[in-house]
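Me: I've got a new model open and I'd like to learn how to read it. Could you walk me through it feature by feature?

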Amino acid sequence: MVSRTNAPDMTTLAVSLESGSANALTFDEVYEQHVGFVWRVLRSLGVEQAQLEDAAQDVFVVVHRKLRDFEGRSQLTTWLFAITRKVAAKHRRRVRPAASADLMSTADPFRDTARAEAAALVARILDGMDDDKRIVFALVELERESVAEVARMLGINPNTASSRLRLAREEFAAAVKRERAKGRGR
Amino acid sequence: MIDAQLRALLDQSRDALGPDRAAIARVRHAVGMKVGVAAAPVAIKAIAIKLAAVVVVGGSVAAVAVERSHRMVATAPEIQLAPEHEVVDQPTPVHIEAPIHEAAPPPARVVTRVAPQALPPPAPTPITLSRETELVDAATRAMRAAKLDEVRSIIATYQREAAGAGQLAKEISAIEIEALCRAANPDALTKLAAFDARWPRAGQRSRLTAACKGLP
(Lines give C-alpha, C1' and ligand atoms only; values in the text may rest on other atoms or scores of the structure.)
Protein backbone atom coordinates (compact mmCIF):
# COMPACT_ATOMS: atom_id res chain seq x y z
CA MET A 1 0.00 0.00 0.00
CA VAL A 2 1.30 3.38 -0.86
CA SER A 3 0.30 6.10 1.51
CA ARG A 4 1.05 9.75 1.26
CA THR A 5 1.60 12.30 3.88
CA ASN A 6 0.27 15.76 3.32
CA ALA A 7 3.50 17.52 4.08
CA PRO A 8 5.81 17.59 1.07
CA ASP A 9 8.95 18.34 3.03
CA MET A 10 11.87 15.99 3.06
CA THR A 11 11.55 14.55 6.48
CA THR A 12 7.92 13.54 6.46
CA LEU A 13 7.38 12.18 2.98
CA ALA A 14 6.71 8.55 3.65
CA VAL A 15 6.12 5.53 1.53
CA SER A 16 4.85 2.23 2.80
CA LEU A 17 6.49 -0.54 0.88
CA GLU A 18 4.28 -3.34 -0.23
CA SER A 19 6.92 -6.03 -0.45
CA GLY A 20 8.25 -7.67 2.69
CA SER A 21 7.96 -5.38 5.65
CA ALA A 22 5.28 -2.86 6.38
CA ASN A 23 7.83 -0.32 7.60
CA ALA A 24 7.28 3.17 6.31
CA LEU A 25 10.37 4.48 4.57
CA THR A 26 10.96 8.22 4.74
CA PHE A 27 12.94 10.17 2.21
CA ASP A 28 15.51 10.86 4.91
CA GLU A 29 15.99 7.16 5.50
CA VAL A 30 16.30 6.42 1.81
CA TYR A 31 18.85 9.22 1.55
CA GLU A 32 20.94 8.17 4.53
CA GLN A 33 20.91 4.49 3.73
CA HIS A 34 21.58 4.83 0.02
CA VAL A 35 23.53 8.04 -0.61
CA GLY A 36 26.72 5.97 -0.51
CA PHE A 37 25.30 3.51 -3.03
CA VAL A 38 24.21 6.32 -5.36
CA TRP A 39 27.56 8.08 -5.05
CA ARG A 40 29.61 4.94 -5.81
CA VAL A 41 27.32 3.91 -8.65
CA LEU A 42 27.59 7.38 -10.20
CA ARG A 43 31.34 7.03 -10.00
CA SER A 44 31.23 3.56 -11.50
CA LEU A 45 29.07 4.88 -14.30
CA GLY A 46 31.80 7.31 -15.23
CA VAL A 47 30.85 10.54 -13.47
CA GLU A 48 33.93 12.56 -12.57
CA GLN A 49 34.75 13.07 -8.92
CA ALA A 50 34.19 16.81 -9.25
CA GLN A 51 30.68 16.22 -10.61
CA LEU A 52 29.57 13.67 -8.05
CA GLU A 53 27.86 16.11 -5.71
CA ASP A 54 25.84 17.74 -8.44
CA ALA A 55 24.91 14.38 -9.89
CA ALA A 56 23.92 12.98 -6.47
CA GLN A 57 21.74 16.05 -5.92
CA ASP A 58 19.97 15.44 -9.20
CA VAL A 59 19.38 11.81 -8.30
CA PHE A 60 17.84 12.63 -4.94
CA VAL A 61 15.68 15.42 -6.31
CA VAL A 62 14.14 12.82 -8.59
CA VAL A 63 13.95 10.33 -5.73
CA HIS A 64 12.13 12.87 -3.63
CA ARG A 65 9.68 13.54 -6.42
CA LYS A 66 9.04 9.92 -7.29
CA LEU A 67 9.37 8.10 -3.97
CA ARG A 68 5.64 8.17 -3.37
CA ASP A 69 5.19 6.27 -6.64
CA PHE A 70 7.58 3.49 -5.64
CA GLU A 71 5.42 0.50 -4.88
CA GLY A 72 8.11 -1.92 -3.76
CA ARG A 73 7.69 -4.29 -6.68
CA SER A 74 11.43 -4.17 -7.27
CA GLN A 75 14.30 -3.74 -4.89
CA LEU A 76 14.81 -0.16 -3.82
CA THR A 77 18.39 -0.27 -5.06
CA THR A 78 17.18 -1.40 -8.48
CA TRP A 79 14.82 1.56 -8.59
CA LEU A 80 17.55 3.92 -7.41
CA PHE A 81 19.95 2.50 -9.96
CA ALA A 82 17.55 3.29 -12.79
CA ILE A 83 17.37 6.91 -11.72
CA THR A 84 21.11 7.09 -11.10
CA ARG A 85 21.94 5.70 -14.52
CA LYS A 86 19.88 8.35 -16.28
CA VAL A 87 21.47 11.11 -14.26
CA ALA A 88 24.95 9.69 -14.86
CA ALA A 89 24.36 9.71 -18.60
CA LYS A 90 24.02 13.47 -18.43
CA HIS A 91 27.07 13.99 -16.29
CA ARG A 92 29.40 11.40 -17.64
CA ARG A 93 32.89 12.52 -18.31
CA ARG A 94 34.13 12.56 -21.88
CA VAL A 95 37.70 11.69 -20.95
CA ARG A 96 38.72 9.26 -18.26
CA PRO A 97 40.78 10.89 -15.50
CA ALA A 98 44.43 9.83 -15.36
CA ALA A 99 44.29 9.02 -11.68
CA SER A 100 41.93 9.37 -8.82
CA ALA A 101 44.22 11.78 -7.01
CA ASP A 102 41.29 13.67 -5.52
CA LEU A 103 40.35 10.61 -3.48
CA MET A 104 43.57 11.01 -1.56
CA SER A 105 42.98 14.73 -1.11
CA THR A 106 39.82 13.98 0.85
CA ALA A 107 41.65 11.48 3.04
CA ASP A 108 41.00 11.97 6.68
CA PRO A 109 44.02 11.60 8.95
CA PHE A 110 41.84 9.72 11.39
CA ARG A 111 40.95 7.21 8.71
CA ASP A 112 43.14 4.24 8.41
CA THR A 113 45.81 5.22 5.88
CA ALA A 114 45.60 1.72 4.48
CA ARG A 115 41.89 2.26 3.78
CA ALA A 116 42.54 5.46 1.86
CA GLU A 117 45.28 3.79 -0.14
CA ALA A 118 43.05 0.81 -0.81
CA ALA A 119 40.32 3.09 -2.09
CA ALA A 120 42.72 4.95 -4.36
CA LEU A 121 44.01 1.66 -5.77
CA VAL A 122 40.53 0.28 -6.37
CA ALA A 123 39.43 3.57 -7.97
CA ARG A 124 42.45 3.56 -10.31
CA ILE A 125 41.75 0.02 -11.39
CA LEU A 126 38.04 0.63 -11.90
CA ASP A 127 38.78 3.73 -13.95
CA GLY A 128 40.85 1.56 -16.25
CA MET A 129 38.05 -0.93 -16.92
CA ASP A 130 35.56 -0.54 -19.70
CA ASP A 131 32.12 0.71 -18.71
CA ASP A 132 30.29 -2.60 -19.07
CA LYS A 133 32.67 -4.56 -16.87
CA ARG A 134 33.16 -1.76 -14.37
CA ILE A 135 29.50 -1.31 -13.50
CA VAL A 136 28.87 -5.04 -13.11
CA PHE A 137 31.97 -5.41 -10.96
CA ALA A 138 31.09 -2.40 -8.78
CA LEU A 139 27.50 -3.49 -8.25
CA VAL A 140 28.45 -7.04 -7.31
CA GLU A 141 31.73 -6.56 -5.49
CA LEU A 142 31.24 -3.14 -3.86
CA GLU A 143 27.48 -2.94 -3.47
CA ARG A 144 27.07 -6.72 -2.89
CA GLU A 145 24.15 -7.04 -5.26
CA SER A 146 23.39 -10.47 -6.65
CA VAL A 147 24.25 -11.18 -10.27
CA ALA A 148 20.56 -11.77 -10.98
CA GLU A 149 19.64 -8.37 -9.56
CA VAL A 150 22.47 -6.69 -11.45
CA ALA A 151 21.21 -8.29 -14.66
CA ARG A 152 17.76 -6.85 -13.91
CA MET A 153 19.22 -3.42 -13.15
CA LEU A 154 21.17 -3.34 -16.39
CA GLY A 155 18.49 -5.00 -18.48
CA ILE A 156 20.85 -7.72 -19.64
CA ASN A 157 20.84 -11.48 -19.68
CA PRO A 158 22.11 -13.00 -16.41
CA ASN A 159 24.65 -15.02 -18.41
CA THR A 160 25.95 -11.80 -19.91
CA ALA A 161 26.20 -10.28 -16.43
CA SER A 162 28.06 -13.38 -15.16
CA SER A 163 30.44 -13.29 -18.09
CA ARG A 164 31.23 -9.60 -17.62
CA LEU A 165 31.73 -10.17 -13.91
CA ARG A 166 34.14 -13.04 -14.53
CA LEU A 167 36.19 -10.96 -16.95
CA ALA A 168 36.11 -7.98 -14.60
CA ARG A 169 37.31 -10.08 -11.70
CA GLU A 170 40.19 -11.42 -13.77
CA GLU A 171 41.10 -7.93 -14.86
CA PHE A 172 40.86 -6.62 -11.31
CA ALA A 173 43.00 -9.40 -9.87
CA ALA A 174 45.66 -8.91 -12.55
CA ALA A 175 45.66 -5.15 -12.02
CA VAL A 176 46.06 -5.51 -8.25
CA LYS A 177 48.94 -7.91 -8.80
CA ARG A 178 50.64 -5.42 -11.16
CA GLU A 179 50.10 -2.49 -8.81
CA ARG A 180 51.47 -4.37 -5.84
CA ALA A 181 54.45 -5.54 -7.84
CA LYS A 182 55.10 -1.91 -8.80
CA GLY A 183 54.82 -0.95 -5.17
CA ARG A 184 57.44 -3.50 -4.21
CA GLY A 185 59.72 -1.94 -6.80
CA ARG A 186 60.19 -5.02 -8.95
CA MET B 1 34.86 -16.01 -6.94
CA ILE B 2 37.12 -13.25 -5.80
CA ASP B 3 39.82 -14.36 -3.36
CA ALA B 4 39.88 -13.36 0.27
CA GLN B 5 42.71 -10.88 -0.14
CA LEU B 6 40.97 -9.01 -2.93
CA ARG B 7 37.70 -9.21 -0.99
CA ALA B 8 39.40 -7.54 1.93
CA LEU B 9 40.81 -4.84 -0.37
CA LEU B 10 37.36 -4.09 -1.72
CA ASP B 11 35.73 -4.05 1.71
CA GLN B 12 38.47 -1.78 2.97
CA SER B 13 37.97 0.71 0.17
CA ARG B 14 34.21 0.77 -0.01
CA ASP B 15 33.52 3.54 2.50
CA ALA B 16 36.29 5.75 1.21
CA LEU B 17 34.89 5.46 -2.31
CA GLY B 18 31.65 6.97 -1.04
CA PRO B 19 30.88 10.52 0.05
CA ASP B 20 32.33 11.99 3.22
CA ARG B 21 30.14 13.55 5.89
CA ALA B 22 30.47 17.05 4.56
CA ALA B 23 29.48 15.98 1.08
CA ILE B 24 26.49 14.07 2.47
CA ALA B 25 25.37 17.21 4.32
CA ARG B 26 25.94 19.46 1.31
CA VAL B 27 24.01 17.21 -1.04
CA ARG B 28 21.17 16.95 1.40
CA HIS B 29 21.11 20.71 1.85
CA ALA B 30 21.11 21.27 -1.90
CA VAL B 31 18.31 18.76 -2.43
CA GLY B 32 16.34 20.45 0.34
CA MET B 33 16.72 23.80 -1.39
CA LYS B 34 15.57 22.38 -4.71
CA VAL B 35 12.62 20.39 -3.44
CA GLY B 36 11.67 23.28 -1.19
CA VAL B 37 11.14 25.36 -4.30
CA ALA B 38 9.10 22.52 -5.73
CA ALA B 39 6.86 22.31 -2.71
CA ALA B 40 3.12 22.38 -3.12
CA PRO B 41 2.02 25.76 -4.36
CA VAL B 42 0.63 28.07 -1.76
CA ALA B 43 -2.27 30.25 -2.79
CA ILE B 44 -2.97 33.27 -0.72
CA LYS B 45 -6.23 34.82 -1.82
CA ALA B 46 -6.52 37.67 0.63
CA ILE B 47 -4.49 38.53 3.62
CA ALA B 48 -4.99 41.21 6.16
CA ILE B 49 -1.95 41.57 8.33
CA LYS B 50 -2.03 43.33 11.57
CA LEU B 51 1.06 43.61 13.61
CA ALA B 52 1.12 44.89 17.11
CA ALA B 53 4.13 44.98 19.33
CA VAL B 54 4.15 45.97 22.89
CA VAL B 55 7.40 46.70 24.55
CA VAL B 56 7.64 47.00 28.26
CA VAL B 57 10.73 48.65 29.49
CA GLY B 58 11.48 49.42 33.12
CA GLY B 59 7.91 49.96 34.17
CA SER B 60 6.93 52.22 31.30
CA VAL B 61 5.10 50.98 28.34
CA ALA B 62 5.89 51.88 24.79
CA ALA B 63 3.38 50.80 22.25
CA VAL B 64 4.16 50.47 18.65
CA ALA B 65 1.32 49.58 16.40
CA VAL B 66 1.53 49.05 12.76
CA GLU B 67 -1.51 48.21 10.81
CA ARG B 68 -1.39 47.25 7.21
CA SER B 69 -3.61 45.26 5.03
CA HIS B 70 -2.87 43.76 1.71
CA ARG B 71 -4.95 42.18 -0.90
CA MET B 72 -2.67 39.75 -2.55
CA VAL B 73 -3.05 36.88 -4.96
CA ALA B 74 0.12 34.90 -5.11
CA THR B 75 1.07 31.48 -6.20
CA ALA B 76 4.39 29.88 -5.40
CA PRO B 77 6.52 29.05 -8.37
CA GLU B 78 5.22 26.10 -10.25
CA ILE B 79 7.84 23.61 -11.32
CA GLN B 80 7.67 21.95 -14.67
CA LEU B 81 8.14 18.30 -13.92
CA ALA B 82 9.98 16.19 -16.40
CA PRO B 83 8.00 13.32 -17.88
CA GLU B 84 8.28 9.97 -16.13
CA HIS B 85 10.97 8.60 -18.41
CA GLU B 86 13.20 11.62 -18.23
CA VAL B 87 15.36 13.06 -15.58
CA VAL B 88 15.66 16.74 -15.10
CA ASP B 89 18.89 18.38 -16.06
CA GLN B 90 20.74 20.10 -13.32
CA PRO B 91 20.32 22.64 -11.96
CA THR B 92 16.60 22.00 -11.69
CA PRO B 93 14.93 24.76 -13.64
CA VAL B 94 12.30 26.78 -11.92
CA HIS B 95 9.53 28.08 -14.11
CA ILE B 96 7.54 30.72 -12.43
CA GLU B 97 4.24 30.71 -14.23
CA ALA B 98 1.84 32.44 -11.95
CA PRO B 99 2.31 36.16 -11.68
CA ILE B 100 2.17 37.75 -8.34
CA HIS B 101 -0.23 40.62 -8.16
CA GLU B 102 -0.09 42.88 -5.24
CA ALA B 103 -2.21 45.91 -4.82
CA ALA B 104 -0.49 48.95 -3.46
CA PRO B 105 -1.00 48.92 0.26
CA PRO B 106 -2.55 51.82 1.98
CA PRO B 107 -0.06 53.98 3.82
CA ALA B 108 0.94 52.46 7.10
CA ARG B 109 -0.20 54.17 10.21
CA VAL B 110 2.57 54.11 12.71
CA VAL B 111 2.13 55.28 16.21
CA THR B 112 5.23 55.13 18.28
CA ARG B 113 6.05 56.13 21.74
CA VAL B 114 9.54 54.97 22.42
CA ALA B 115 10.74 54.69 25.95
CA PRO B 116 14.10 56.26 26.67
CA GLN B 117 15.65 53.05 28.07
CA ALA B 118 17.45 50.49 25.86
CA LEU B 119 15.27 47.85 24.26
CA PRO B 120 15.85 44.21 25.15
CA PRO B 121 17.58 42.13 22.49
CA PRO B 122 15.31 40.75 19.76
CA ALA B 123 14.32 37.10 19.83
CA PRO B 124 17.01 34.96 18.21
CA THR B 125 16.36 34.07 14.59
CA PRO B 126 16.30 30.34 13.83
CA ILE B 127 19.47 28.90 12.37
CA THR B 128 19.39 28.55 8.58
CA LEU B 129 20.31 25.39 6.76
CA SER B 130 23.12 27.28 5.03
CA ARG B 131 24.60 28.17 8.37
CA GLU B 132 24.18 24.60 9.62
CA THR B 133 25.97 23.29 6.54
CA GLU B 134 28.74 25.83 7.05
CA LEU B 135 29.26 24.60 10.61
CA VAL B 136 29.11 20.92 9.64
CA ASP B 137 31.70 21.59 6.92
CA ALA B 138 33.92 23.45 9.37
CA ALA B 139 33.65 20.67 11.95
CA THR B 140 34.49 18.08 9.30
CA ARG B 141 37.58 20.03 8.18
CA ALA B 142 38.70 20.37 11.79
CA MET B 143 38.25 16.61 12.25
CA ARG B 144 40.37 15.96 9.16
CA ALA B 145 43.08 18.19 10.57
CA ALA B 146 42.85 16.38 13.92
CA LYS B 147 41.96 19.64 15.69
CA LEU B 148 39.66 18.20 18.33
CA ASP B 149 39.45 21.41 20.37
CA GLU B 150 38.29 23.23 17.28
CA VAL B 151 35.75 20.49 16.59
CA ARG B 152 34.36 20.89 20.12
CA SER B 153 34.20 24.66 19.73
CA ILE B 154 32.32 24.44 16.44
CA ILE B 155 29.89 21.93 17.89
CA ALA B 156 29.24 24.24 20.83
CA THR B 157 28.55 27.05 18.35
CA TYR B 158 26.14 24.85 16.44
CA GLN B 159 24.30 23.79 19.57
CA ARG B 160 24.00 27.39 20.72
CA GLU B 161 22.76 28.67 17.38
CA ALA B 162 20.49 25.76 16.55
CA ALA B 163 18.98 25.60 20.04
CA GLY B 164 17.74 22.09 19.41
CA ALA B 165 16.02 22.94 16.14
CA GLY B 166 18.70 22.15 13.57
CA GLN B 167 18.07 19.96 10.53
CA LEU B 168 21.63 18.66 10.55
CA ALA B 169 21.57 17.72 14.23
CA LYS B 170 22.33 14.13 13.37
CA GLU B 171 25.39 15.03 11.30
CA ILE B 172 26.80 17.28 14.00
CA SER B 173 26.05 14.70 16.69
CA ALA B 174 27.93 12.07 14.72
CA ILE B 175 30.93 14.38 14.39
CA GLU B 176 30.80 15.15 18.12
CA ILE B 177 30.72 11.47 19.01
CA GLU B 178 33.56 10.67 16.64
CA ALA B 179 35.64 13.46 18.16
CA LEU B 180 34.94 12.13 21.66
CA CYS B 181 35.89 8.61 20.58
CA ARG B 182 39.11 9.84 18.97
CA ALA B 183 39.93 11.55 22.26
CA ALA B 184 39.08 8.33 24.15
CA ASN B 185 36.52 10.29 26.14
CA PRO B 186 34.12 7.90 27.95
CA ASP B 187 31.26 10.41 27.46
CA ALA B 188 31.23 9.18 23.88
CA LEU B 189 29.41 5.99 24.85
CA THR B 190 26.58 7.85 26.57
CA LYS B 191 26.19 10.11 23.60
CA LEU B 192 26.35 7.16 21.25
CA ALA B 193 23.50 5.47 23.12
CA ALA B 194 21.46 8.66 22.89
CA PHE B 195 22.30 8.94 19.19
CA ASP B 196 21.11 5.36 18.56
CA ALA B 197 17.90 6.00 20.47
CA ARG B 198 17.15 9.11 18.47
CA TRP B 199 18.30 7.88 15.06
CA PRO B 200 18.06 4.10 15.12
CA ARG B 201 18.84 3.61 11.43
CA ALA B 202 21.42 6.31 10.91
CA GLY B 203 23.78 5.89 8.00
CA GLN B 204 26.64 7.28 10.13
CA ARG B 205 26.49 4.35 12.52
CA SER B 206 29.13 2.22 10.83
CA ARG B 207 31.62 5.09 10.96
CA LEU B 208 30.92 5.64 14.63
CA THR B 209 31.32 1.95 15.34
CA ALA B 210 34.74 2.05 13.71
CA ALA B 211 35.78 5.23 15.52
CA CYS B 212 34.62 4.09 18.94
CA LYS B 213 35.70 0.48 18.89
CA GLY B 214 38.71 1.19 21.13
CA LEU B 215 36.54 2.43 23.98
CA PRO B 216 35.64 -0.01 26.80
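Reply: Let's start with helices: helices (H or I, at least four residues) and strands (E, at least two) are DSSP runs, numbered from the N terminus, and the expected span of a helix is 1.5 Å times one less than its number of residues. Keep in mind that this is a predicted model, where local features need pLDDT of at least 70, side-chain atom pairs count only at pLDDT 80 or more, and totals for chains, interfaces and linings use all residues. Residues are numbered from 1 along each chain as its sequence is written, chains are lettered from A and ligands numbered from 1 in the order in which they are written, and side-chain values use heavy atoms, with hydrogens and water left out.

Me: What span does helix H5 of chain B reach from its first C-alpha to its last?

Reply: H5(B), residues 169-182, has 14 residues and reaches 20 Å, close to the expected 20 Å. Just after H5(B), B:Ala184 takes a positive phi of about 55°.

Me: How do I read a nonpolar core?

Reply: In soluble globular proteins, nonpolar side chains tend to be buried together. A nonpolar core here is a set of buried Ala, Val, Leu, Ile, Met, Phe, Trp, Tyr and Cys residues joined through side-chain atoms within 4.5 Å. The largest one has 66 residues, and A:Leu42, A:Val63, A:Phe81, A:Phe137 and A:Phe172 touch the most other members. Helix H1 of chain A (residues 27-44) gives the most to this core, with nine residues. Apart from it lies another core of 33 residues, among them B:Leu129, B:Ala138, B:Ile175 and B:Leu180.

Me: Which residues is A:Phe81 in contact with, leaving aside its neighbours within four places in sequence?

Reply: Contact means heavy atoms within 4.5 Å. For A:Phe81, the partners include A:Phe37, A:Val41, A:Ile135 and A:Met153.

Me: What about aromatic pairs?

Reply: A pair of aromatic rings is described by the distance of the centres and the angle of the planes. Rings of Phe, Tyr and Trp (its six-membered ring) pair if their centres lie within 6.5 Å; planes under 30 degrees apart count as stacked, over 60 as edge-to-face and the rest as tilted. The count comes to six pairs over all chains. A:Tyr31 and A:Phe60 have ring centres 4.7 Å apart and planes at 70°, so they are edge-to-face. A:Tyr31 sits in H1(A) and A:Phe60 in helix H2 of chain A (residues 52-66), so the pair ties together parts that are 29 residues apart in sequence. A:Tyr31 is buried at 1% relative accessible area, and A:Phe60 is buried too, at 0%. Ring pairs link A:Phe27, A:Tyr31 and A:Phe60 into a cluster.

Technical notes
Buried < 20%, exposed > 50% of the residue type's maximum accessible area, 1.4 Å probe, protein only.
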